[in-house]
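Dear colleague,

My notes on what was found in it follow directly after.

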Amino acid sequence: MTDLASIPQKLGIDAQFEARSGAQWLNVAGVGIRTLAETMNAVGARFVTITAYQLPKDEGFRLEYHWDLNGTLLGFTYDLAERKIDSIFDICPALDWIEREIHEQYIIEFEGRPYEPLLLRADATPGVNLREEAAK
Amino acid sequence: MSYKIPMGPYHPGLEEPYKLDMICEGETVKDAELHIGFNFRNIEHLAETRNFIQVNALMERVCGICSFIHTLTLCQAMEPLAGVEAPPRAKYIRVIMAELERLHSHVLWAGIAAKLMGFKTMFMTCFEIREKVMDILAAISGNRVNYSMNRVGGVNRDIEDPGAILKMVEQLEKEMVRTVIPIFTRSSTALSRCTGVGVLTHEKAISSAVVGPIARASGIPQDIRKAAPYAAYAELDFDVPVQPAGDVKARLLVRALEIMESCKLIRQALQQLPPGEIDTGDDRKIRFTTGTSTSRVEAPRGEVIYSVSFKENQRNPARVHVRTPTFANMPAVRWMVQGARLADTPLIQASIDPCYSCTDR
């Protein structure tokens with residue numbers, strides 16, 4: 001069974017996990033998402049979900065990636081100044097639908113993967129920010 | 001020569017809309033493409049335009065089968081941000097409701113699976129028993145589908161006479177043991193349609209990150225009630241049924257055994273129901289702090305996760321994200337139908353107990 005404390009070491013960072021609001025959070029500043037995904041696979045963690053946030057004004061977007069390791073929910077945050085991040089679908093196939101859903105909801109590009117056909121709204125126009133549509 | 005057979009979005013094998021395009025050679029399915037979104041309601045973003053009490057009512061309508069589970073997970077996510085915790089009695093009532101919901105969901109699934117097997121008598125028997133579970137849910141909550149039981153900091157209704165509910169549960173358990181369980185675990189009619197059909201290997205189950213009975217039927221002993229206990233589960237004794245084969249029969253057996261475990265949990269929770277309050281007081285006094293909170297619950301179909309975000313003193317959430325179990329399980333149907341006979345595909349897709357209302361949100 002993988003010790004949580006060993007994960008920062010595997011990622012080559014000094015930060016430690018911090019328990020907060022139902023998950024163990026690790027500051028992964030400087031660690032690419034693909035490196036993180038490969039590490040999660042290596043320790044046997046199960047992918048859970050990605051939560052996307054549109055930040056106020058023009059501050060961009062935040063993606064929170066969650067994996068489960070032996071019942072512990074792990075959380076990793078990535079702030080996106082631009083609407084793009086590397087896809088990890090090829091490393092972790094379980095992300096397929098959630099990457100597609102976030103692409104459709106927030107027009108965020110997960111680089112290096114196809115999107116068609118659309119997940120939520122087949123035959124609809126891609127690139128509509130559904131969050132902004134709901135607020136109208 | 002291969003050809004494509006579309007199943008859905010409207011199909012007698014499943015009442016909810018989704019589409020499975022199967023690429024076949026003769027009667028054998030070589031591959032499949034899945035299409036969802038026919039029930040898309042943009043609920044997550046609608047939630048940002050409602051206050052936390054309205055959001056509770058909204059998220060209860062994500063799913064008509066596991067409506068209690070959705071509000072339970074939502075309230076458990078909101079409670080740390082509101083600085084409140086449900087009292088012990090409320091936590092036990094949450095377990096009782098959650099397990100009753102698992103019972104009616106599993107029996108409903110058993111009925112639908114029986115219908116797809118051509119076992120119509122069993123379908124009628126299952127739905128008759130499910131009605132009795134619904135009667136217990138209605139006796140506790142006053143409602144059959146959307147129970148309005150959960151609130152931030154507790155539950156809305158008490159179980160004033162646990163003894164009466166216990167009698168109803170014991171009667172129900174007897175009928176399950178007499179009819180549903182033996183037929184689904186020993187009947188040659190049921191087992192011949194399910195054995196070796198729709199296999200999801202252990203390796204594929206891991207790489208697909210499937211959850212709930214689908215994972216447990218592929219040999220993964222994963223259950224949030226054990227791994228990360230919530231409500232009163234840590235104080236109750238129960239087993240997590242696991243089957244290694246990964247076929248439809250294994251999914252059938254896991255759910256049949258889970259019905260018995262749910263009865264065991266309900267009986268314990270009713271017998272141990274602690275005295276005291278069922279909530280923390282007036283909703284109008286609730287104030288949220290800035291932050292994000294997550295909660296996970298083991299729904300009948302597997303793990304549900306809610307991420308909720310609030311800003312200081314705001315009554316509307318800044319963000320509500322829900323990842324439902326069918327959203328995690330559905331992509332694995334592609335691996336289950338590869339190599340299957342076309343005639344088996346309705347039963348295979350039904351074997352994951354899919355919920356498109358949940359998936360599409």
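I begin with the interface, where 26 residues of chain A are in contact with 30 residues of chain B; two residues are in contact if their C-beta atoms, placed from the backbone, lie within 7 Å. On the side of chain A that touches chain B, the elements giving two or more residues are strand 3 (46–54), helix 3 (96–106) and helix 4 (130–135) of chain A. Helices (H or I, at least four residues) and strands (E, at least two) are DSSP runs, numbered from the N terminus. Strand 3 of chain A contributes the most to this side, with six residues. By type, this side of chain A comprises 15 nonpolar, six polar and five charged residues. Here Ala, Val, Leu, Ile, Met, Phe, Trp, Tyr, Cys and Pro count as nonpolar, Asp, Glu, Lys and Arg as charged, and the others, Gly among them, as polar.

Please note that this is a predicted model: local features need pLDDT of at least 70, side-chain atom pairs count only at pLDDT 80 or more, and totals for chains, interfaces and linings use all residues. Residues are numbered from 1 along each chain as its sequence is written, while chains are lettered from A and ligands numbered from 1 in the order in which they are written.

The model scores ipTM 0.88 and pTM 0.90. Chain B averages a pLDDT of 89, and 99% of the residues score at least 70; pLDDT is the predictor's confidence in each residue, from 0 to 100. Within chain B, confidence is lowest in helix 15 (residues 356–360), at a mean of 81, and highest in helix 9 (residues 212–216), at 95.

Chain B has 15 helices and eight strands. Its C-alpha atoms fill a box of roughly 65 × 45 × 30 Å, taken along the principal axes. Of the 361 residues of chain B, 55% count as buried. A residue is buried if 20 or more other C-beta atoms lie within 10 Å of its own, exposed if 12 or fewer, and partly exposed in between.

The largest nonpolar core has 152 residues, of which B:Met78, B:Val95, B:Ile96, B:Met97, B:Ala113 and B:Ala269 touch the most other members. Helix 4 (residues 88–117) of chain B supplies the largest share of this core, 17 residues. Such a core is a set of buried Ala, Val, Leu, Ile, Met, Phe, Trp, Tyr and Cys residues joined through C-beta atoms within 7 Å. Leaving aside residues up to four places away in sequence, B:Ala269 touches B:Tyr92, B:Val95, B:Ile96, B:Ala232 and B:Leu236. Helix 11 (residues 248–271) of chain B is mostly covered, with 18 of its 24 residues buried.

Three further residues deserve a note. B:Thr71 lies in helix 3 (residues 67–82) of chain B and is buried, because 29 other C-beta atoms lie within 10 Å. B:Asn42 has a positive phi of about 60° although it is not a glycine. B:Asn42 sits in the loop between strand 3 (28–35) and helix 1 (43–47) of chain B, and it counts as partly exposed because it has 16 C-beta neighbours inside 10 Å. B:Arg361, in the segment after helix 15 of chain B, also has a positive phi, near 55°. B:Arg361 is buried, with 24 other C-beta atoms within 10 Å.

Yours sincerely
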